[in-house]
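Dear colleague,

I am handing over a structure that you have not worked with before, and below it you will find a description of what was found. Please read the two side by side.

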Amino acid sequence: MKKPLFYSVFAFLFFTQIALSQVAEDPEIKKMITEIKAENLEATVRKLVSFGTRHTLSDTKSKTKGIGAAQQWVKSEFDKYALESNGRLTATIDYFTVKADGKRINKDSELGNVMATLKGTDPNDNRVLIISGHLDSRVSDVMNIKSDAPGANDDASGVAAVMELAKVMSKRAFSATIIFVAVVGEEQGLIGARHLAETAKAANWNVIAMLNNDMIGNSLSSGTNLRDNTQIRVFSETIPFIETEEEAKMRKATNRDNDSPSRLLARYIKTATEQYVDQLTVKLVYRNDRFLRGGDHTPFSQNGFTAVRFCEMNENFDHQHQDLRTENGIKYGDLVEFMDFDYLRKNTCSNLATLANLASSPKAPINVGIEVKNLSNSSTLSWNAPDEKAQFGYQILMRETASSHWEKTFFVKDTKAEIPYSKDNYFFAVQAVDALGHASLPVFPIPIR
């Protein structure tokens, strides 16, 4: 059946201004992906395990055992990476004192987060990205500082990922600043992460994304014996911990309960991962963390930052927080032998694809809105360009209201576009993008009358 002339004219006018995005790939990100090696990650995990216990309150004086020795070794590795960074990477141990709390801190203690900062190259770009794993480990009794606590997967896996990324990424230049950190005190109540989050808030850091990696190297579950090295869970909060009354009213009015900043980041991770990392799918889990549990991203969320947690698909509880022993033929303990280092490699690459894209991307568009002054079965979005430099273009993301992830992407050059889909039936967001496909975090639109 021949279509009416007006239909053809509309289609021509529409698609000359708005096109389904052709996803660009950055060859440098693909190259970095190939530099992440399972054998390097395994060597790092084995070294961390060799310190016996890395309990937060363990020995800080020994050069071979305890948390102090582990901190100094991680710092020395960061210093090595700095030598190939053209002066952009600097490392430190951020020491701070915590008071005894009568719970998991039984005496006043000096703790320290090991941090490596890769300074952004654009003086006009104050964006900060943080990636973390926790250095400390434990056995069954959270206050046992003497027994060996290998902490191979929980969380030498996350620290190894952070260190491998620092090594690979510090050889490159990025517009935004990236902070690689091995925090302490996670098992004692997220102490190191809380200190860093509060430091960032007090100093007014523009932290646009915090990626917490905790237990990302085991692919075999306990109980069910399911093995899955093709999926990684990313947890993101529904409603932000910090929300003004006005923000709450807008969230309710626009039904954006499923589009918190952290959830928009989680979808970003899924897109970047499935573009650059083979045989790995991001499983979006719509809660801040596992049921009634928490992690080092939580203090960042509580301080108003956009933060998510990476965690393996199937946890093995026989190898978490366990004294080393064998009972009824079952070997307990968080040992290297129970890890899957190729799975850890892929999960590390997921973080790399996310960080490299975000740290290279344009800033996000501002004043993003959707027109509501007229009833229409199309949707008109408009926004302002981010500051500093001209943009290559923008992507309008779209999904049905019941969908977990973006389903269509439209590329536009202008800062206003009319989409032939109803705002009653779809959710939208807008992101700035450069010629290599580096996209900013998406911005959910507010009504414009």
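Predicted model: local features only at pLDDT ≥ 70, side-chain atom pairs only at ≥ 80, totals over all residues.

Residues are numbered from 1 along each chain as its sequence is written, and side-chain values use heavy atoms, with hydrogens and water left out.

Strands and sheets

Helices (H or I, at least four residues) and strands (E, at least two) are DSSP runs, numbered from the N terminus, and two strands pair if DSSP finds at least two bridges between them. Strand β12 (residues 366–371) is joined by three bridges to β18 (residues 446–448), and these two run parallel. With β13 (residues 379–384), β12 pairs in the antiparallel sense, again over three bridges, and here Ile370 stands opposite Leu381.

Elsewhere there is an open sheet of eight strands with mixed pairing, in the order β2-β3-β5-β4-β6-β9-β7-β8. Because β2 (89–98) and β8 (281–285) stand at its edges with a single partner strand each, one side of each is left without a neighbour in the sheet. From one strand to the next, the twist averages 25°. Within this sheet, the parallel strands β6 (residues 206–213) and β9 (residues 307–312) are joined by four bridges, and Leu211 has Val308 in β9 as its bridge partner. Helix α10 (residues 341–360) packs on the sheet and is in contact (heavy atoms within 4.5 Å) with β4 (127–134), β5 (177–183), β6, β7 (231–235), β8 and β9. The direction of α10 makes about 165° with that of β4, where axes are lines fitted to C-alpha atoms, for helices over the stretch in contact, and angles run from 0 to 180 degrees between N-to-C directions.

The nonpolar core

A nonpolar core is a set of buried Ala, Val, Leu, Ile, Met, Phe, Trp, Tyr and Cys residues joined through side-chain atoms within 4.5 Å; buried means under 20% relative accessible area, exposed over 50%, and partly exposed in between (1.4 Å probe, protein chains only). The largest such core has 84 residues, and among those with the most contacts inside it are Val45, Phe78 and Leu352. Its largest share, 11 residues, comes from helix α5 (residues 152–169). Leaving aside residues up to four places away in sequence, Leu352 touches Ile29, Met32, Ile33, Ile36, Leu165, Val168 and Met169.

Aromatic rings

Rings of Phe, Tyr and Trp (its six-membered ring) pair if their centres lie within 6.5 Å, and planes under 30 degrees apart count as stacked, over 60 as edge-to-face and the rest as tilted. A search of the whole structure finds eight aromatic pairs. The rings of Phe51 and Trp73 have centres 6.4 Å apart and planes at 50°, so this pair is tilted. Phe51 lies in the loop between α3 (38–49) and α4 (66–82), and Trp73 in helix α4, so that the pair links distant parts of the chain, 22 residues apart. Both Phe51 and Trp73 are buried. The rings of Tyr421 and Tyr426, with centres 5.3 Å apart and planes at 80°, form an edge-to-face pair, and together with Phe410 they make one aromatic cluster.

With best regards
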